[in-house]
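Subject: Structure handover

Hello,

I am passing a structure on to you. Please look at it first, then read the notes below it.

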There are 2 protein chains.
Amino acid sequence: MAKKIAVPLTNYFEDVEYTDPAKEFKEAGHELTVIGMEKGETIKGKQGDATVNSDAGIDDVNPNDFDALLIPGGFSPDQLRADDRFVTFVKHFMDEKKLVFAICHGPQLLITAKTLEGRKATGFKSIQVDMEYAGATVEDKEVVVCGDQLVTSRQPDDIPAFVRESLKLLQ
Amino acid sequence: MAKKIAVPLTNYFEDVEYTDPAKEFKEAGHELTVIGMEKGETIKGKQGDATVNSDAGIDDVNPNDFDALLIPGGFSPDQLRADDRFVTFVKHFMDEKKLVFAICHGPQLLITAKTLEGRKATGFKSIQVDMEYAGATVEDKEVVVCGDQLVTSRQPDDIPAFVRESLKLLQ
């Protein structure tokens, strides 16, 4: 069954960590909503390869309307977590045990939402110590699936494994 | 007495968080060494306002040759802490109780070096939860001085207070 996936995003996201999962999730019939600061915002990737127009602003959305969350990496998550609205939005998915897919720096939003305690996860090398301090058991693997709910990966190279495990849970 | 200050730096640093303290530290007679991945590297600020040539590469320096450490913010510290050589370098200053000045995202390097436990500090809003998890007592103030050794600030607006307290300890 088609799932509604929310994608919080801002500038300097890691291009392929949005474009590749987005392409495959859409091909599998799922619906993605890119959520920026405002609707219709032009959001640019760090590598200059991808430009995305936001489908909604953070004030326009209700997390209850979504089944799953995708958090691409790059410098996007760190900027989003400086905005309490995004932290509250993300916390909903973890609290409600909805599907959460976070890659690279994506777990930074999960740390600030204080939702990683007791979870098994991975992330980009630079944030692995942060994740451990936040109470996660960090595994340095291409993909870690925790409780049939949380899928995390480390970096662009891990995208195939990240997408494969995410699609399994979206079925 | 003139002090030797090491400045680990890479691209996307927050321009004024390097240029302003550097100017004032030099005017007070101190000597700064910008340390990049390699010597003579061109390092660009996030805002496009500042370009800095590194004075040394991380493999060329010995932390024993420096009295103090300045860590400007932006996206520079998160990239540096993905490189174990910079983490080891920074850890030396904290372990040896040398002067450490870190602003904005600068404390991310102190987290990864696991040196914030029991310290009083501040940092950019987005990393304050990370710092708390790392064992710091975080105060949301323009400048926090801990043990006459560690000076931290939150953001560019705090630079005057950051420089003022740092210069006091450099005397």
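Among contacts in chain A between residues at least 6 apart in sequence, what percentage join residues at least 24 apart? The answer is 63%. Bear in mind that this is a predicted model.

Chain A as a whole:
- Chain A contains eleven strands and six helices.
- Of its 171 residues, 51% count as buried.
- Along the principal axes, the C-alpha atoms of chain A fill a box of roughly 40 × 35 × 30 Å.
- A compact globule with 171 residues would have a radius of gyration near 16 Å, and the 14 Å of chain A agrees with that.

Now to chain B and its helix α1, residues 15-27. G29(B) follows α1(B) and has a positive phi, near 100°.

The buried residues of α1(B) are D15(B), V16(B), E17(B), Y18(B), P21(B), A22(B) and F25(B). What covers them includes the strands β1, β2, β4, β6 and β7 of chain B, as well as the helix α6 (159-170).

How do α1(B) and α6(B) pack, and at what angle? The angle is about 40°, and the axes are 10 Å apart. That makes α1(B) oblique to α6(B). The crossing is right-handed. On the α1(B) side, V16(B), E17(B), D20(B), P21(B) and E24(B) take part, and they meet I159(B), F162(B), V163(B), S166(B) and L167(B) in α6(B).

Regards

Methods: Residues are numbered from 1 along each chain as its sequence is written. Chains are lettered from A and ligands numbered from 1 in the order in which they are written. This is a predicted model: local features need pLDDT of at least 70, side-chain atom pairs count only at pLDDT 80 or more; totals for chains, interfaces and linings use all residues. A residue is buried if 20 or more other C-beta atoms lie within 10 Å of its own, exposed if 12 or fewer, and partly exposed in between; C-beta atoms are placed from the backbone. Helices (H or I, at least four residues) and strands (E, at least two) are DSSP runs, numbered from the N terminus. Two residues are in contact if their C-beta atoms, placed from the backbone, lie within 7 Å. The radius of gyration is taken over C-alpha atoms; the globule rule is 2.2 Å times the number of residues to the power 0.38. Axes are lines fitted to C-alpha atoms, for helices over the stretch in contact, and angles run from 0 to 180 degrees between N-to-C directions. Angles under 35 degrees count as roughly parallel, over 145 as roughly antiparallel, 65 to 115 as roughly perpendicular and the rest as oblique. A crossing is left-handed if the near helix is turned anticlockwise from the far one by less than a right angle, and right-handed if clockwise.
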